[in-house]
Amino acid sequence: MLDSYIAAYNDAVFDTDRDEALRVVQRALDDGASPEDIVFRLVVPAMDQMIKAISEDFDANLAQHFMTAQIANEVTESMLRRFTAPPQALGRIVMGTARGDMHSLGKRIVMGCLKAQMVECVDLGVNVAPDRFVDEAVAQRASVIGISAMMSHTARGPDGCLGVRRLLQERGLEHRIRIIVGGAPYRFDPDLYRVVQADAWAEDGITAGKVIAGLLTELPPWP
Amino acid sequence: MAMTALQRLAAAATRRPADRAPIFCNLFDQGARELGMPLREYYSRGAHVAEGQLRLREKFGYDNLWSLFYVGKEAELLGCNRICFADDGPPNVEHFVIDDLDDIASLEVPADITRHPAFEQPAECLRLLRQHAGGTYPICAYITSTMSLPALLMGMERWMSLLLMGPVDARDALLARCHEFFVKEVEAYRAAGADVILYANPFGSTDTVSMKFFLSHALPWIERDLRAIGTDGVVYYCGTSRINRVLDIVLDTVGIRTYYLSPFDSIADAKEIAGGRALTCGVINDARMIDWTEDEVVAEVRRMTDAGMPGGRFLIGTGVMPLAIPEANIRAFVTAARDFGSHDGGAHA
């Protein structure tokens with residue numbers, strides 16, 4: 001039943017037309033779709049299609065990523081209030097930009113996508129020190145730390161992922177917490193995530209949502 | 001054939017004979033290392049930056065000089081009062097002038113940029129560069145386009161939101177202010193001696209926006225920007241975003257004659273699209289130069305020149321070179337570019 005709406009929704013998202021995407025959602029609701037259907041059978045499959053398109057060399061652009069996440073976030077927030085039962089969270093992540101880095105766009109895209117996938121996301125903001133990443137992950141019982149960096153030195157420096165890794169080792173937390181990184185330096189060098197000792201990276205914010213969801217399923221829940 | 005770097009650039013731009021392709025090696029923070037001082041101190045004085053630029057060019061032997069301190073300087077001209085300095089990389093804007101949409105109305109474009117305190121040190125840098133290298137080496141200025149400037153004033157996240165979702169009146173008011181500033185800034189840098197204007201505009205790439213949005217929104221602002229400043233010495237540059245998909249459109253519509261590619265653009269495709277009508281600049285993926293061996297750097301320059309040298313009108317360039325790139329790799333890049341970029345029977349022939 002939702003197939004035609006998925007296509008129309010995707011067209012609107014790919015066209016960065018937020019208003020039209022929201023109209024499609026409303027039409028689907030009017031046609032009898034449940035709020036759960038909207039999230040799990042419309043918004044999430046649309047993101048899956050975007051990831052598939054990207055992997056097949058479709059020239060998706062930053063604005064499309066931004067709008068995909070923005071709309072997913074808005075629709076999910078609105079639908080969650082109407083769910084018949086609270087959804088089961090897949091897990092929790094803390095996320096921020098590396099120390100010295102003020103670029104927040106990538107983080108916002110990832111967080112928008114994660115919401116639709118029922119991942120709880122704690123936003124630590126920009127310019128986050130390594131100890132704060134780790135302290136907050138422990139305090140929030142998060143299984144993944146997401147570190148965004150847009151500059152070479154904030155990606156590679158000791159106050160970025162390397163610093164977080166060192167603290168996880170020192171505190172014996174590596175079995176419980178994974179690190180994912182993303183941002184321009186990683187696109188220019190796909191092996192860089194290994195250099196900075198991250199567990200994973202993603203080329204774009206939408207794919208990051210899927211990678212993080214995968215990491216969360218690998219880890220045991222906090223006691 | 002003895003040529004100055006400026007003559008070499010002019011020859012490449014107009015397809016006249018030259019000894020070799022010009023080499024633009026964009027070193028910024030490395031100047032502080034040359035002068036043995038922290039970045040914050042280095043960028044506090046135009047004399048430091050000019051000295052750093054002159055020493056780096058002399059040391060490595062490439063063809064261009066920069067008047068750019070760091071990109072946030074433009075935000076300082078518009079009221080930014082806090083820049084985040086690091087020891088190991090470029091400063092970035094920490095205070096966004098536009099915190100909410102009401103701030104747009106009070107955004108103040110300096111009546112005369114040349115008299116603004118934040119322009120004092122760049123002007124001094126330009127004066128010194130002109131004194132020591134004017135007429136010999138191209139002096140480059142980095143100017144952010146109208147459509148991209150708001151990202152420096154309110155952050156890319158909020159600008160993307162305003163640009164794509166409105167409110168439209170606030171968006172248009174901000175763009176109008178930014179255009180006014182853009183024109184004045186170009187005039188100020190040209191008057192101070194800049195030969196080359198790097199027109200920086202990530203929104204001029206379909207890596208950032210869709211082709212539909214590019215045509216309906218980005219291109220009209222590019223046209224307006226270039227109508228105001230002319231195309232003399234202007235280089236079309238979209239950061240690290242690809243430009244091949246728009247190159248023909250911009251060339252036809254706006255008439256810019258120099259295109260600084262992304263490392264991810266195919267050089268061969270760019271040359272074909274330009275069809276001898278424009279100078280194309282092949283750009284090495286300098287993020288990889290941190291870890292590459294010297295041989296790998298040379299091999300990459302070889303690949304670039306193999307694609308770019310046939311037919312001429314080619315420049316060999318870098319992006320913003322990270323401070324972590326070993327000097328040996330910078331030397332390897334310049335040496336290979338001089339060699340493979342030779343028109344007079346160098347190793348490439």
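How many nonpolar, polar and charged residues are in the lining of the second largest cavity? Keep that in mind, everyone, and we will come back to it.

First, some ground rules. This is a predicted model, where local features need pLDDT of at least 70, side-chain atom pairs count only at pLDDT 80 or more, and totals for chains, interfaces and linings use all residues. Residues are numbered from 1 along each chain as its sequence is written, chains are lettered from A and ligands numbered from 1 in the order in which they are written, and side-chain values use heavy atoms, leaving out hydrogens and water.

Let's start with the cavities. A cavity is a set of points, on a 1 Å grid over the protein atoms alone, where a 1.4 Å probe fits but cannot get out; lining residues have an atom within 4 Å of a point. Points are joined across faces, edges and corners, and the volume is the space filled by probe spheres set on them. The rule gives two cavities of 30 Å³ or more.

The largest cavity has a volume of about 90 Å³. It is lined by 13 residues, and the closest to its centre are Asn26(B), Trp66(B), Leu198(B), Tyr237(B) and Val320(B). By class, that lining has ten nonpolar, three polar and no charged residues. Here Ala, Val, Leu, Ile, Met, Phe, Trp, Tyr, Cys and Pro count as nonpolar, Asp, Glu, Lys and Arg as charged, and the others, Gly among them, as polar.

Now back to my question. The second largest cavity holds about 30 Å³ of space, and its lining has three nonpolar, one polar and four charged residues. Among the residues that line it are Arg33(B), Glu34(B), Lys59(B) and Glu327(B).

Next, please turn to where the chains meet. In chain A, 28 residues are in contact with 31 residues of chain B, contact meaning heavy atoms within 4.5 Å. Interface size is often given as the accessible area lost when the parts come together. Between them, chain A and chain B bury about 2500 Å², 59% of it on carbon and sulfur atoms; buried area is the accessible area (1.4 Å probe) lost on being put together, summed over both parts.

Four salt bridges cross this interface, each a side-chain nitrogen of Lys or Arg within 4 Å of a carboxyl oxygen of Asp or Glu. Asp189(A) forms a salt bridge with Arg288(B), with the closest N and O atoms 3.5 Å apart.

Methods
On a 1 Å grid over the protein atoms alone, a cavity is a set of points where a 1.4 Å probe fits but cannot get out, and a pocket is an open set with protein on both sides within 12 Å along at least five of seven lines; lining residues have an atom within 4 Å of a point. Buried area is the accessible area (1.4 Å probe) that two parts lose on being put together, summed over both.
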